[in-house]
Amino acid sequence: MDSRKKQKGRPGAKQQKAAPQNANRQQPAARTSDPQPQRPRPAANPQPPRPQQLPKKPVRQLTPEQKRRTDRAYKQATVHRNVRSKRRGRRGGNYVMYYILAAAVIITVLIILANTVLFNCAAIEVEGNSRYTAEQIITQSGLEKGQNLLHIDTKAAQTRISAAFPFIDEVEVQRSFPTKIRIVVKEAEKWFQVSSGGVNAAVSRMGRIVELGNTTGLPVVEGYDPEELSPGKTLASNEAGKTTIPSQILEMAEECGLPKITRIDMADRFDISVDCGDNITLLVGGVSDLSVKFVEAAGAIQEEKSDVTIDLRAEEKIFVRDKNEQEQVLPELGGTSQETSEPGTSAASGES
């Protein structure tokens with residue numbers, strides 16, 4: 001009986017359960033004309049939601065013994081950190097000293113090698129020589145193979161070569177690293193000869209006496225009064241102001257195109273006479289305004305050709321006298337006409 005009651009009671013229960021579901025399912029409400037409520041618009045800059053705060057953990061309370069241990073451990077860690085930083089600083093300073101010592105050792109070794117092994121001479125070359133052989137020049141220089149290039153005295157070698165060979169005007173000893181020495185010479189060229197006391201000495205363009213004896217074809221300088229006539233010496237005069245006069249006259253004559261000079265008489269340095277080819281004599285006077293005088297002399301020589309004496313001592317006029325006939329007076333400087341006067345007139349003009 002009970003089981004039947006239970007079975008009878010189950011459908012009723014189902015109906016009771018379905019009723020609320022049907023109750024919840026309501027029919028849609030009929031549309032009315034009443035306005036619906038408007039939804040609020042979202043804000044322009046919505047703020048992000050705040051994170052939820054976690055609950056604070058309870059602070060653990062340390063006992064006095066635990067505090068003492070914690071403080072002791074912190075102090076020990078701090079002390080170890082300071083010691084490590086100091087050790088690092090000391091190591092950096094030590095490295096700098098090591099670098100300095102290593103550099104000093106390397107430099108010392110290089111200096112020793114450079115002075116003993118690296119720059120030893122293996123070859124000696126001579127350039128510009130024709131009168132003397134390379135062996136002669138090397139022997140007189142005092143240089144030898146095997147010498148260290150840093151230790152040779154180049155100036156002393158140049159002095160020895162110059163003193164041994166009169167026909168060498170210039171010499172230069174050069175170091176050609178790593179193992180070579182070069183000797184460059186410029187041999188002398190005879191330019192003029194000085195006559196004094198019956199002795200003639202040939203002189204180079206550098207003013208160096210190259211040899212004794214008369215040399216045909218060289219200009220002869222008389223009245224020079226040299227200090228010493230020895231091969232290898234530099235020409236100098238005992239009288240002040242005469243030392244460079246021969247070279248000045250010869251250089252200016254070459255520039256102005258004068259005929260080859262054969263003789264210079266400078267017994268009086270303020271009354272110098274110069275003999276050129278074709279029996280031409282120039283009365284120069286002093287060496288002041290030498291270029292102007294030689295330009296005028298060149299023009300007069302082109303007109304007169306030969307056998308004349310040209311007086312260049314006057315400032316405004318030059319006088320030309322034919323060695324076989326009479327004296328002529330050329331026009332003032334810059335003139336184009338030519339004046340010829342009688343012997344009496346020319347003498348009067350010469351006195352004026």
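## Ala156

Ala156 lies in helix H4 (residues 154-164); helices (H or I, at least four residues) and strands (E, at least two) are DSSP runs numbered from the N terminus. Ala156 is partly exposed at a relative accessible area of 23%, where buried means under 20%, exposed over 50% and partly exposed in between (1.4 Å probe, protein chains only). Its C-alpha atom is separated by 8.9 Å from that of Gly142, 14 residues apart along the chain.

The model is predicted: local features need pLDDT of at least 70 and side-chain atom pairs count only at pLDDT 80 or more, while totals for chains, interfaces and linings use all residues. Residues are numbered from 1 along each chain as its sequence is written, and side-chain values use heavy atoms, with hydrogens and water left out.

## Helix H6

Helix H6 (residues 290-304) has 15 residues and reaches 21 Å from its first C-alpha to its last, close to the expected 21 Å (1.5 Å times one less than the number of residues). Among its buried residues are Leu290, Phe294, Ala297 and Ile301. Lys305 follows H6 and has a positive phi, near 75°.

## Nonpolar cores

A nonpolar core is a set of buried Ala, Val, Leu, Ile, Met, Phe, Trp, Tyr and Cys residues joined through side-chain atoms within 4.5 Å. The largest has 36 residues, and Ile249, Leu282, Phe294 and Ile310 have the most contacts inside it. H6 gives the largest share of this core, 6 residues. A second, separate core of 22 residues includes Val126, Leu149, Ile168 and Ala188.
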